[in-house]
Amino acid sequence: MKVNFFVTCLCDTVKAEVAKKTVMLLEQLGCEVIFPEQQGCCGQPSLNSGYIESSKPAMKNLIKAFECNDLPIVTPAGSCAASIKRYPEYLADEPEWAERAQQVADRLYELTQFIVNQLGTVNVGARLEGRAVYHPSCSLIRKLNVREEPLALLANVEGLEMLPIENQETCCGFGGTFSVKMADISAEMVKEKVHHISAVEPDYLIGADISCLVNIGGRISREGKPIKVLHIVDVLMSR
Amino acid sequence: MSMKTSKLKFKERIKVQMKDDFMRESVANAQTRMYTNRQIAADKLGNWEQWREMGMDIRDHVLENLDYYLHQLSENVKNNGGQVFFARTASDATNYVESIIKAKNAKKVVKSKSMVTEEINLNQIIERNGCEVIETDLGEYILQVDDCDPPSHIVVPALHKNRYQIRDIFKDKIGYEGSEDPEELTRYVRDYIRHDFLQADIGITGCNFAVAESGTVTLVTNEGNARLATSLPKTHIAVMGMERIVPTFEELDIVISLLCRSAVGIPLTGYVTALTGPREEENLDGPEEFHLVIVDNGRSDILGSEFRDILRCVRCAACVNTCPAYRHIGGQSYGSIYSGPIGAVLSPLLGGYDDFKDLPYACSLCRACHDVCPVKIPLSDLLLKHRQKMGEEKITPLAERAAVGAFNIINAHPLLWDKTVKIGATVASGLIRNGKLPLQMGAISEWTEARDLPQPDGQSFRSWFKNRN
């Protein structure tokens with residue numbers, strides 16, 4: 001199967017390893033990966049701050065970039081996928097663009113959603129020894145309704161034991177611009193999250209949304225906790 | 001108390017509040033308890049999602065036909081022997097109540113809990129007429145005797161105080177000498193304010209829902225104080241937000257089922273009181289006069305705006321009890337009598353952006369509140385609309401608008417974006433060392449107060465992908 005890859009700005013610039021592993025994992029699962037080079041950022045920093053109007057040219061650019069073919073689009077970040085899925089709503093005043101946005105949105109899948117529901121596999125042959133906490137991001141569970149897919153994939157990783165934590169589905173406090181605009185509040189939220197994670201003494205913290213991992217990981221690093229932060233693709237590519 | 005509860009700036013307020021460990025522990029415990037109980041109650045009822053759909057439909061139906069139901073309600077209240085006053089503004093409402101105070105030469109008013117009376121600053125108006133006001137809801141009473149400390153929660157106003165603090169306030173202010181045992185504290189207040197009920201000239205209540213078909217005012221309480229306040233004094237004044245209507249008792253049943261479970265996690269509160277007009281000839285008790293004050297105070301404007309969904313609200317505070325931001329900053333940080341997600345949406349609408357422009361940003365858009373709202377209000381979407389409006393009206397900082405503008409231009413041009421990403425990847429990996437930048441850079445320095453920056457992987461993905469074959 002041929003698929004388009006939507007890299008997201010964070011993975012493109014600072015977390016390229018996650019993007020590379022996503023491509024390699026998709027290839028291992030039999031996909032041919034296309035990277036439409038015209039793609040930019042989903043626009044969350046601007047959209048979530050309320051600047052819908054001035055975001056429109058960039059939204060249209062992204063739509064055009066993925067109109068290069070009719071293939072599925074896969075991305076390793078729930079919040080960016082959720083952002084693009086709202087384009088039709090933002091472009092409602094321009095019906096033609098709203099329709100084009102809808103077609104792109106319909107082809108877009110978050111990585112775990114794509115592997116489990118489109119490729120039809122929950123076992124990618126991964127192996128990782130240790131105890132782990134999974135952080136279900138707000139975007140995955142509450143915006144994309146992707147709750148079971150990452151858990152199913154993790155359940156099939158040999159040697160990995162998953163640990164529940166208190167208030168597991170509570171936001172980590174990232175929230176994009178929230179974490180800089182309201183850094184104080186965001187800090188308290190991530191402190192509590194790390195407190196609950198540390199309480200079960202895991203070897204790994206795993207997530208499917210890179211932005212949450214940057215946030216939680218940043219706090220874990222500041223506290224000097226011996227917990228390794230992994231994107232789910234890091235886990236699925238472990239052998 | 002008016003809607004605005006603090007003169008400090010938002011950031012200053014949260015700094016003060018977040019240092020209050022007692023408050024934070026009380027709020028976190030209460031939130032966990034209420035959130036858990038709500039979930040249990042919802043699961044027990046079963047088909048919760050369908051109940052929410054019904055709740056939403058009922059509230060939407062009322063909002064779509066609000067003129068019709070307001071007319072029906074007021075006709076029925078009048079037919080029952082009550083008087084109805086439509087107040088366009090807060091001062092219209094308070095002037096009307098003031099005129100009753102004067103006409104009755106009232107010296108004492110007992111009140112049951114009502115957010116809308118706080119919104120219109122009613123107590124202060126009554127008191128300036130030399131008339132004493134006694135809040136008879138225990139939570140409100142605690143705040144009143146504590147020099148009118150602002151509420152921190154729309155259902156549990158004294159949530160930010162623990163039993164030891166309450167004991168000390170009572171010792172200080174009303175001669176209490178007992179322990180911090182909640183039952184003992186409650187019993188004391190119960191005795192202490194009993195004579196106020198007996199002496200009061202007027203009882204003032206809010207209105208959870210008015211039933212249009214019968215002209216009935218319904219009060220949902222747990223303490224029984226609203227019943228005393230509406231049966232002992234000779235005059236009863238009910239003040240309601242103009243959207244708080246249900247068509248018939250059938251819909252009342254549904255919204256109350258949703259309200260009690262969502263608010264406190266119980267199928268039904270201790271008292272659900274339905275009052276239809278003043279005392280009739282053959283009745284032994286009840287007020288001789290009944291006034292219904294229907295308050296607009298900006299609600300008509302909301303009705304005609306993109307924020308209309310917020311008027312579905314039944315004031316259960318499930319959103320407050322689930323909000324992770326509220327959990328850490330507490331209700332008083334919002335600087336409004338309405339706190340949490342509902343407060344962040346409603347306060348700027350009723351009180352304006354001048355005082356409440358920060359509230360829509362005190363949200364990580366996690367949408368936990370969407371999942372628990374019994375009438376399915378898309379709260380974080382409405383907060384986003386506030387942000388949009390403030391951006392369009394140029395209320396947001398110039399530097400922010402400039403930065404976002406530049407970002408949007410680069411992001412709309414693939415070649416510029418390509419260069420930016422490649423340079424960005426190189427610069428980031430060159431600069432970030434051990435999770436820190438060598439120099440303090442504006443917003444990033446605030447971020448790094450509590451967190452390290454990610455260690456960049458080096459080369460951008462797009463450079464790697466292009467060169468891999």
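Where is the place of Glu201(A)? Glu201(A) sits in the loop between α12 and β7 (204–207) of chain A. Helices (H or I, at least four residues) and strands (E, at least two) are DSSP runs, numbered from the N terminus. This is a predicted model, in which local features need pLDDT of at least 70, side-chain atom pairs count only at pLDDT 80 or more, and totals for chains, interfaces and linings use all residues. Residues are numbered from 1 along each chain as its sequence is written, while chains are lettered from A and ligands numbered from 1 in the order in which they are written.

Stay with Glu201(A) for a moment. Its phi is near 50°, a positive value in a residue other than glycine. Most residues other than glycine have a negative phi. Glu201(A) counts as exposed because it has 12 C-beta neighbours inside 10 Å. The cut-offs are these: buried means 20 or more other C-beta atoms within 10 Å of the residue's own, exposed means 12 or fewer, and partly exposed lies in between, with C-beta atoms placed from the backbone.

Leu365(B) also has a positive phi, about 60°, although it is not a glycine. Its loop runs between α18 (353–356) and α19 (368–372) of chain B. Leu365(B) is buried, because 24 other C-beta atoms lie within 10 Å.

Now take chain A as a whole. The domain assignment gives domain 1 (2–117) and domain 2 (122–236); such bounds come from an automatic or database domain assignment. The centres of the two domains of chain A, taken over C-alpha atoms, are separated by 22 Å. Their contact takes 26 residues from domain 1 of chain A and 24 residues from domain 2 of chain A. Contact here means that the C-beta atoms of two residues, placed from the backbone, lie within 7 Å. On the domain 1 side, α1, α2, α3, α5 (78–85) and α8 (111–118) of chain A each supply at least two residues. α8(A) gives the most to that side, with 6 residues. The residues of that side divide into 13 nonpolar, 10 polar and 3 charged. Ala, Val, Leu, Ile, Met, Phe, Trp, Tyr, Cys and Pro count as nonpolar, Asp, Glu, Lys and Arg as charged, and the others, Gly among them, as polar.

Next comes the interface between the chains. Here 58 residues of chain A are in contact with 51 residues of chain B. Several helices of chain A each supply at least two residues to this side, among them α2 (16–28), α4 (52–66) and α13 (210–223). The largest share, 9 residues, comes from α12(A). By class, the chain A side has 25 nonpolar, 20 polar and 13 charged residues.

Chain B has its own division, into domain 1 (10–300) and domain 2 (399–467). Their C-alpha centres lie 51 Å apart.

Two sheets of chain B deserve a look. One is an open sheet of 6 strands with parallel pairing, in the order β1-β10-β7-β4-β2-β3. Two strands pair if DSSP finds at least two bridges between them. β1 (83–87) and β3 (132–135) of chain B stand at the edges with a single partner strand each, so one side of each is left without a neighbour in the sheet. Inside this sheet, 3 bridges join β2 (residues 108–111) of chain B to β4 (residues 202–205) of chain B, and the two run parallel. Val109(B) stands opposite Ile202(B) in β4(B).

The other open sheet has 4 strands in the order β8-β5-β6-β9 (chain B), and its pairing is mixed. In this sheet, 5 bridges join β6 (residues 216–221) of chain B to β9(B), which run antiparallel. Val220(B) has Val272(B) in β9(B) as its bridge partner.

Gly277(B) is buried, because 21 other C-beta atoms lie within 10 Å. Not counting residues up to four places away in sequence, Gly277(B) touches Val77(B), Asn80(B), Gly81(B), Gly82(B), Gly215(B) and Phe290(B). Gly277(B) and Gln83(B) are 194 residues apart in sequence and 8.9 Å apart in space, C-alpha to C-alpha.
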